[in-house]
2 protein chains.
Amino acid sequence: MSIERIVEGLERREPAALARAISLVENQRDGFERLLSHVHPGLGRGAARRIGVTGPPGAGKSTLTERLIQRFRAQELTVGVVAVDPTSPFTGGALLGDRIRMESAGLDPNVFIRSMATRGAHGGLATTTAEVADLLEAFGFERILIETVGVGQTELDVARTAESTVLVLVPESGDGIQTLKAGVMEIADIYVINKSDRPGADKLRQEVEVMLGIRRGNAFRHVTPHHTPGAVEAGRGRSRAVPADGEWEPPVLATVASKGEGVDELVAALDRHFVHLQQSGKLAARRRERLAQRTRAVLERAVQQWITEDGRAEQLLAARLDDVADGRRSPYDVAAEILDQVKAGAPR
Amino acid sequence: MSIERIVEGLERREPAALARAISLVENQRDGFERLLSHVHPGLGRGAARRIGVTGPPGAGKSTLTERLIQRFRAQELTVGVVAVDPTSPFTGGALLGDRIRMESAGLDPNVFIRSMATRGAHGGLATTTAEVADLLEAFGFERILIETVGVGQTELDVARTAESTVLVLVPESGDGIQTLKAGVMEIADIYVINKSDRPGADKLRQEVEVMLGIRRGNAFRHVTPHHTPGAVEAGRGRSRAVPADGEWEPPVLATVASKGEGVDELVAALDRHFVHLQQSGKLAARRRERLAQRTRAVLERAVQQWITEDGRAEQLLAARLDDVADGRRSPYDVAAEILDQVKAGAPR
């Protein structure tokens, strides 16, 4: 299929075109950037919303994602899902089970689930994931879920390509709140304590709230419904009203995804967050920043490819490797030498 | 401290110089590459051996590392440890506890433990970790342990900077062997089933052995000491003799690190592996490959820095961002335009 044919197929919502497009982009085959360039003008205009779901392994994100899909479908929204597992050498037995459950949702033509191939993607994973999300948006999906496993730097980068980011925690991770570092606080728009029918859920929620209060530098505001010790009423998340002054206060919600409890609250919080983004002007501002980041990432990729294809780098490296192995030159000397060659300009 | 002074301090084994050097390299401050260049000629000559320890979270790697340190110190070897946790936003409560235990080993001046700062390191994490290991080698440590948490692509890259790599698994990960993909098989020289006093240990070990047999394409060879169901005799790892034909058959060992069981077998296997590397010529060959990889990584870093410092890339990006946001240009158009500018050569 030519690039032009694929673009046309995407606009017509032909599944074969989408599958072709995703494969092209994931594997970075010839024409993939031309395809994405063609698709670009139609993005950021319609009803599509990108939602990131992240959190440590075992938090039940796949189950929660499944529930979100069900709610969106009940609202007659079409849903695309990109599932990313950067810990690629491990498929993860439980994860695989979840994936099979989720794939079964794929019998519904209005739901599309893609598990990203992640081996070798390295730092380019966030970019490739965002590019696949572009294709889903071009195809017309109204809700695009980007689910990552774990909370490493890569996963956070991936989450940052979404408009709303949900961080899912569970009580029995045993780590408590000291496990969260500042970097995580910056990216989550909504916190979810999943498996909240288990011991420790209430404690964890309180710890998150305390930390959020400290982060904002505000006086500690504590409004907690009374709970029986050890129990958290699922679904009664502490949702806050949308502030008029443009500042979003991340709600901390409680869910039991396996039972579908608390999910309506999550959907409502996502809706409120999107309204907030629109009203505060952040939606457009964040999009500009994401586009700038995309351009930098694409440039980085293009530069690396340029040097690799040039061939002179590898030639010089091969010529110098004996010296490096014997200690006469260092890798830093040789890299500098190659860079000088590159700076001098392309060979005539 | 000047770079020259730091290099001198490293040779004299001054702890202050080592701390300075590591900080310089971790933060990539001015002169850090000059420092590493100075240090390079002295590497790969002495008694230093780099050992990677990796595996999924909860496998007990920190405890196992602690035991290895004890064994090495009993042999009067000096030990440096670089602990890498790429899932940086989570310190991990249990991990933190382990880290405190390990730091207490630091009261011994012949043991040095460094937890790598990993935020923002991205794809450069493996390189920076290897560079810190260079410094430890320059300082004179005879055993350098590189411990990573998890088995994502990044962690595997880090493990690859070691000469011998140990993969630590545990029975209750619940994932079984289907969790291991081909990529993991390629990097591990020694397999350890830790917490082997727990149910499922024997089954897991058998699964690993079957997989190893399949990977080698050999007929299935099964020599298992009789075990009572559910129990694995710690310490009776299935160690294999060093083959004379140059092919290393990874042993699958059983340990209970918390009790110190099976650790002597692990140390013996590491010694055998090192002898194998020397005798087979792989030690030198792998070192060459690591140096080639290092040079490529340093070049990649230098190229990115060059473009960033050039300034024209950001200028052009800023000038084009409105067009990109409005869809008139795509990030791919702009990146290509910037690259053309870069290729045309440095501004005069």
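Residues are numbered from 1 along each chain as its sequence is written, and chains are lettered from A and ligands numbered from 1 in the order in which they are written. Because the model is predicted, local features need pLDDT of at least 70 and side-chain atom pairs count only at pLDDT 80 or more, while totals for chains, interfaces and linings use all residues; side-chain values use heavy atoms, with hydrogens and water left out.

Helices (H or I, at least four residues) and strands (E, at least two) are DSSP runs, numbered from the N terminus. In chain A, the axes of helix α1 (residues 3–11) and α2(A) come within 8 Å and cross at roughly 125 degrees; axes are lines fitted to C-alpha atoms, for helices over the stretch in contact, and angles run from 0 to 180 degrees between N-to-C directions. The arrangement of α1(A) and α2(A) is therefore oblique, given that angles under 35 degrees count as roughly parallel, over 145 as roughly antiparallel, 65 to 115 as roughly perpendicular and the rest as oblique. The crossing of α1(A) past α2(A) is left-handed, that is, the near helix is turned anticlockwise from the far one by less than a right angle, clockwise being right-handed. Contacts (heavy atoms within 4.5 Å) join Ile3(A), Ile6(A), Gly9(A) and Leu10(A) of α1(A) to Ala17(A), Leu18(A), Arg20(A), Ala21(A) and Leu24(A) of α2(A). These residues comprise seven nonpolar, one polar and one charged; Ala, Val, Leu, Ile, Met, Phe, Trp, Tyr, Cys and Pro count as nonpolar, Asp, Glu, Lys and Arg as charged, and the others, Gly among them, as polar.

Helix α2 (residues 15–26) of chain A also packs on helix α3 (residues 32–39) of chain A, at an angle of about 125 degrees and with the axes 9 Å apart. The pair α2(A) and α3(A) is oblique, and α2(A) passes α3(A) in a left-handed crossing. Ala21(A), Leu24(A) and Val25(A) of α2(A) and Phe32(A), Leu35(A) and Leu36(A) of α3(A) make the contact, with six nonpolar, no polar and no charged residues. In the loop between α2 and α3 of chain A, Gln28(A) has a positive phi of about 50 degrees although it is not a glycine. Gln28(A) is partly exposed at 37% relative accessibility, where buried means under 20% relative accessible area, exposed over 50% and partly exposed in between (1.4 Å probe, protein chains only).

Helix α11 (residues 282–310) of chain A has 29 residues and reaches 41 Å from its first C-alpha to its last, close to the 42 Å expected at 1.5 Å a residue; the expected span is 1.5 Å times one less than the number of residues. Within helix α11 of chain A, Leu291(A) is buried at a relative accessible area of 10%. Residues up to four places away in sequence aside, Leu291(A) touches His40(A), Leu321(B), Val324(B), Ala325(B) and Pro331(B).

In chain B, Thr128(B) is found in helix α6 (residues 125–139) and is buried at 7% relative accessibility. Glu76(B), in the loop between α4 (61–74) and β2 (79–84) of chain B, has a positive phi near 60 degrees and is exposed at 66% relative accessibility.
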